Amino acid sequence: MNDMTPIVPFVSKPKDWETDQEVRWCPGCGDYAILKAVQRTMPELGARPENTVFVSGIGCSSRFPYYMETYGFHTIHGRAPAVATGVKLANPELDVWIITGDGDALSIGGNHTMHLLRRNLNCQFLLFNNEIYGLTKGQYSPTSRVGTRSPSTPLGSVDRPANPCAFALGSGARFVARAIDVNKNLVGVLKAAYAHQGAAFVEIFQNCIVYNDDVFAPFTDKKAGADANQLWVEHGKPLVFAGGTKGLALDATTLTLKVVDVADDDVSGLVVHDVTNRGLAHMLVEMPFGAFPMALGILYDDPAPTFDSAVIEQNARASVGKKPDLQKLVSQGQTWMVDKQPHAL
């Protein structure tokens, strides 16, 4: 092979990414749609099954690795980021995907999620947010809204919910996006996450049909006119929604976003989306739904050096001029010999 040899792209079909395992989620669960979206996405990426790893924690979403014809780890509650970090450092050539839920990632796993994002490990982090604990029968989760009634909050939750994307931005994430389980745009978001060099955080609104059905209906149910409440952002384009009849402008007095009417397609006064603007991303993810639409798509994308590349470079510098010698390593310092013969009683 020489430099002129053409690179043959890897060709696969969605079926090539399906395992022989029975997919076992509740009928109507949004996880089915996300699984199919990921399996449709992989061929478009030119990804190879033998070069791909899915790592999950505990929860309904964490069954995901069983259904992908790749390498996979179903780990323990909240610790998927730790295992994924080990996988990436051991073999940096692997494509590492982390699958988690709002409870797994933001409760017991909150600390691990934060450190993975601030370190900027090169991986894709998919957080399925259904605002409830589904696997353990419907207890309220860190993202459940105030007033949520559940077995653990029979009188209604009084906790203020966590905002996953705001948490990610505050942890130093360099890529933050949002999508909906059944929306066709999910594939595009996944492709953008894969293209990003670093930790790509994607919150996916996922309907739990058993314990929290239709909690996202105001911006997901097309029959209810939810399209008017979706703001799909696009880099370099003005922030418009509701069929182009409304948009977001900057209030010069308060330096906050405000909803304005758009007349005659005049978007001159609207904010233009810039995926490298962290301040704008913060404003978009913290807009209160109802008064504002739900911001979706690539909210922030500003790459920075990755943790794994820094570790590899550091190890390479440290090993210059050195020859590996395992026996010398284990024999250094204080050592002693264990007598093979047992002492007589």
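Which loop holds Asn120? Keep that in mind while you get your bearings. The model on your screen is predicted.

**The whole chain**

Along the principal axes, the C-alpha atoms fill a box of roughly 90 × 60 × 45 Å. The chain has 345 residues, and 43% of them count as buried. Take the contacts with a separation of 6 or more: 66% of them are between residues 24 or more positions apart.

**Stop 1: Asn120**

Select Asn120. You will find Asn120 in the loop between H4 and strand S4 (123-129). Is Asn120 buried or exposed? Its relative accessible area is 4%, so Asn120 is buried, the limit being under 20%. Check the backbone next. Phi of Asn120 is near 70°, which is a positive value in a residue other than glycine. Most residues other than glycine have a negative phi.

**Stop 2: H2 against H4**

Select residues 80-90, helix H2, and residues 110-119, helix H4. Their axes come within 8 Å and cross at roughly 35°. Show side chains for Pro81, Ala82 and Thr85 of H2, then for His112, Thr113 and Leu116 of H4; these residues make the contact. By class, the contact of H2 with H4 has three nonpolar residues, three polar ones and no charged ones.

**Stop 3: Helix H1**

Move to residues 30-45, helix H1, and pick Thr41 there. Thr41 has a relative accessible area of 0%, so it is buried. Which residues does Thr41 touch, leaving aside those up to four places away in sequence? They are Val187, Leu190 and Lys191.

Stay on H1 and select Lys36. Lys36 forms a salt bridge with Glu18, and the closest N and O atoms are 3.2 Å apart. Glu18 sits in the segment before H1, and the two residues are 18 residues apart, so the pair links distant parts of the chain. Lys36 is partly exposed at 41% relative accessibility. Glu18 is partly exposed at 24%.

**Stop 4: More salt bridges**

Side chains of opposite charge can pair when their charged atoms come close. How many salt bridges does a search of the whole structure find? The count is ten.

Select Arg48 and Glu50. Their salt bridge has its closest N and O atoms 3.7 Å apart. Arg48 is partly exposed at 36%, and Glu50 is partly exposed at 44%.

Now select Asp302 and Arg174. This salt bridge has its closest N and O atoms 3.0 Å apart. Asp302 lies in the loop between strand S11 (294-301) and helix H9 (307-318). Arg174 lies in the loop between helix H5 (164-170) and strand S5 (175-180). The pair therefore ties together parts that are 128 residues apart in sequence. Asp302 is partly exposed, at 23%.

**Stop 5: The loop between S6 and H7**

Finish in the loop between strand S6 (199-205) and helix H7 (217-220), where Val210 is found. Color Ile209, Val210 and Tyr211. They form a nonpolar patch on the surface, with about 250 Å² of accessible area together. Val210 is partly exposed, at 48%.

Asp214 lies in the loop between S6 and H7 too. Its phi is near 65°, a positive value in a residue other than glycine. Asp214 is partly exposed, with a relative accessible area of 49%.

Definitions and conventions: Residues numbered from 1 in each chain as written. Predicted model: local features only at pLDDT ≥ 70, side-chain atom pairs only at ≥ 80, totals over all residues. Heavy atoms only, no water. Helix = DSSP H or I, 4+ residues; strand = E, 2+ residues; numbered from the N terminus. Buried < 20%, exposed > 50% of the residue type's maximum accessible area, 1.4 Å probe, protein only. Contact = heavy atoms within 4.5 Å. Patch = residues over 30% accessible without salt bridge, like charges linked within 9 Å, V, L, I, M, F, W, Y side chains within 5 Å. Areas by Shrake-Rupley, 256 points an atom, 1.4 Å probe, with all protein chains shown as cover. Salt bridge = Lys/Arg side-chain N within 4 Å of Asp/Glu carboxyl O. Axes fitted to C-alpha atoms, helices over the stretch in contact; angles between N-to-C directions. Nonpolar A, V, L, I, M, F, W, Y, C, P; charged D, E, K, R; others polar.
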